Amino acid sequence: AAILIGETCGLAVMDMASGRFNVQELDNPQDLLNELERLKPSELLTVEGNELPQLNCAPAFRQQPGWLFDYDSAVERLTSQLGTKDLSGFGVADMPNAIRAAGCLLNYALETQRGNLPHIRAISPEHHAESVLLDGASRRNLEIDINVRGDESHTLFALMDLCSTSMGSRLLRRWLNRPLRDQF
């Protein structure tokens with residue numbers, strides 16, 4: 001789910017298989033586009049009437065009513081799902097637009113999964129200062145996980161992927177597409 005309020009964008013991402021639920025706030029719409037291109041979501045939820053730039057990164061683009069992005073309702077939905085009194089323990093309390101997006105995404109996931117998400121027990125913030133941000137053109141030219149022909153052969157990912165499980169391969173792909181800045 002993504003929401004754009006002024007120039008600040010809130011983004012929430014959920015991986016139903018692993019239970020990973022991440023949020024982040026981005027400073028401008030171009031950063032949002034770069035993140036969406038990196039993530040390649042299968043569905044993208046946005047608020048009705050919210051003018052996002054041209055998006056070609058999600059096969060299913062779904063506009064949701066504005067009330068689903070209400071901050072107080074989002075906090076209530078999230079704390080109910082996570083079994084907590086507030087969100088301060090997760091480090092996301094100072095990310096209002098990300099919380100709005102997360103509340104909408106959680107609502108959508110609960111509806112589509114018939115209210116059964118017992119494996120979603122935490123929410124994690126992502127901060128841009130911790131990683132190197134690559135725009136779409138750089139990612140394509142570096143051939144990290146997709147080459148210029150559009151397949152995975154002869155890419156950095158194909159060379160390094162010696163993982164035994166598909167979950168390990170997904171984690172490696174995520175690391176390669178968002179390298180950390182920390183040198184230690």
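Modeller: What follows goes through cavities, then the open pocket, then the aromatic rings. This is a predicted model, where local features need pLDDT of at least 70, side-chain atom pairs count only at pLDDT 80 or more, and totals for chains, interfaces and linings use all residues. Residues are numbered from 1 along each chain as its sequence is written, and side-chain values use heavy atoms, with hydrogens and water left out.

Colleague: OK, how many cavities of 30 Å³ or more are there?

Modeller: The count comes to 2, where a cavity is a set of points on a 1 Å grid over the protein atoms alone at which a 1.4 Å probe fits but cannot get out. Points are joined across faces, edges and corners, and a volume is the space filled by probe spheres set on them.

Colleague: And what lines the largest cavity?

Modeller: Its space is about 60 Å³, and the lining residues (those with an atom within 4 Å of a point) include Asp31, His128, Leu133 and Asn177. Helix α1, residues 29–39, gives the most, with 4 residues; helices here are DSSP runs of H or I with at least four residues, strands are E runs of at least two, and both are numbered from the N terminus.

Colleague: What about the second largest cavity, which element gives the largest share of its lining?

Modeller: That cavity holds about 40 Å³, and β3 supplies the largest share, 4 residues. Among the lining residues are Leu11, Asn22, Arg38 and Glu126.

Colleague: Switching to pockets, what volume does the largest one have?

Modeller: The largest pocket has about 880 Å³, a pocket being an open set of points with protein on both sides within 12 Å along at least five of seven lines. Its lining counts 31 residues, of which Val13, Met14, Arg20, Leu39 and Pro41 lie nearest the centre, and α6, residues 166–177, gives the most, with 6 residues.

Colleague: How does that lining divide by class?

Modeller: There are 17 nonpolar, 5 polar and 9 charged residues, where Ala, Val, Leu, Ile, Met, Phe, Trp, Tyr, Cys and Pro count as nonpolar, Asp, Glu, Lys and Arg as charged, and the others, Gly among them, as polar.

Colleague: Last topic, which ring has the charged end of Arg173 over it?

Modeller: The ring of Phe157 does, with the charged end 4.0 Å from its centre; the rule asks for NZ of Lys or CZ of Arg within 6 Å of the ring centre and within 35 degrees of the ring normal.
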